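Please read the following note with the sequence and the model open beside it. It is written as a set of numbered points for a reader new to protein structure.

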Amino acid sequence: MSELLVDFITSLDGYASGEGWPGFWGLEGPEYLAWLGEQPEVTYLMGANTYRLMSGFAAGEVPDGQDEFRPEEEASVDELTRAPKVVFSSSLEEPLTWANCTLVRDDAVEAVRAMKEDGSGLLSTIGSLSLSRSLLRAGLVDRFRVGIFPVITGATGAERIYDGYPDVALEMIEHRTFDGRIQLVEYEPRVLEHPPLGAPA
């Protein structure tokens with residue numbers, strides 16, 4: 001059975017991006033980049049909006065506010081281009097232009113449930129806030145990982161990650177610090193029907 005990871009990078013106040021900020025908020029360092037390079041091969045899962053954004057980067061479209069990609073950003077996009085990707089969308093048309101992408105029009109939750117049951121590798125979301133929320137709500141997420149970058153983007157933040165989430169209990173399974181500033185926390189999530197009635201044991 002495949003394992004499903006929801007993986008986010010966020011500002012301290014829980015935004016997935018910020019207007020005018022570079023990728024990684026410009027704060028990635030050598031330890032963090034080395035760790036990214038050591039990650040196992042995965043099949044990435046995404047929705048149409050993330051596909052449009054990331055495939056645009058792969059085609060050379062530079063993010064707003066930048067004149068060109070930084071080397072770290074180019075390496076990240078190249079890695080994504082080489083990886084297998086599944087795109088869930090009813091609006092995109094085949095053939096998808098980004099390499100190594102499969103378009104799925106079926107219900108994403110049921111499709112991912114089947115992928116988990118039939119597969120053996122690691123599945124990971126990338127961006128795709130509504131897809132990640134739906135998969136978590138359905139109880140399909142095995143690990144929930146967040147890289148927290150030390151910025152508050154209260155004025156420019158975009159894509160608030162946790163809006164619309166159910167209540168979720170999180171059991172920490174890993175935490176570490178990169179380059180003296182980036183916090184990584186990883187949890188096993190458990191969706192709650194209601195807040196716990198007493199203090200945890």
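Predicted model: local features only at pLDDT ≥ 70, side-chain atom pairs only at ≥ 80, totals over all residues.

1. The packing of two helices. Helix 4, which covers residues 108–118, packs against helix 5, residues 129–137, at an angle of about 65°. The axes of the two helices are 10 Å apart, and their crossing is right-handed. On the side of helix 4, the contact is made by Ala108, Val109 and Val112; helix 5 contributes Leu131, Ser134 and Leu135. Sorted by class, this contact comprises five nonpolar residues, one polar residue and no charged residues.

2. The buried face of helix 5. Which residues of helix 5 are buried? They are Leu129, Leu131, Ser132, Leu135 and Leu136. When one looks down the axis of helix 5, these buried residues fall within an arc of 165°, and therefore they line one face of the helix.

3. Ser128 lies in the loop between strand 6 (122–125) and helix 5. Its phi is near 50°, a positive value in a residue other than glycine. Ser128 has a relative accessible area of 9%, and because buried means under 20%, Ser128 counts as buried. Just after helix 5, Gly139 also has a positive phi, of about 80°.

4. Is Arg143 buried or exposed? Its relative accessibility is 16%, so Arg143 counts as buried. The side chains of Arg143 and Glu186 are joined by a polar contact of 2.4 Å. With neighbours within four places in sequence left aside, Arg143 is in contact with Glu3, Leu4, Leu5, Val6, Leu122, Ile173, Glu186, Tyr187 and Pro189.

5. The loop between strand 4 and strand 5. Pro95 is located in this loop, with strand 4 at 85–88 and strand 5 at 101–104. The peptide bond that joins Glu94 and Pro95 is cis, with omega about 0°. Asn100 is placed in the loop between strand 4 and strand 5 as well. Although Asn100 is not a glycine, it has a positive phi of about 65°. What is the relative accessibility of Asn100? The value is 44%, so Asn100 counts as partly exposed.

Technical notes
Residues numbered from 1 in each chain as written. Heavy atoms only, no water. Axes fitted to C-alpha atoms, helices over the stretch in contact; angles between N-to-C directions. Helix = DSSP H or I, 4+ residues; strand = E, 2+ residues; numbered from the N terminus. Left-handed = near helix turned anticlockwise from the far one by under 90°. Contact = heavy atoms within 4.5 Å. Nonpolar A, V, L, I, M, F, W, Y, C, P; charged D, E, K, R; others polar. Buried < 20%, exposed > 50% of the residue type's maximum accessible area, 1.4 Å probe, protein only. Arc of directions from axis to C-beta. Polar contact = N/O pair within 3.5 Å; in protein donor to acceptor, adjacent residues only side chain to side chain.
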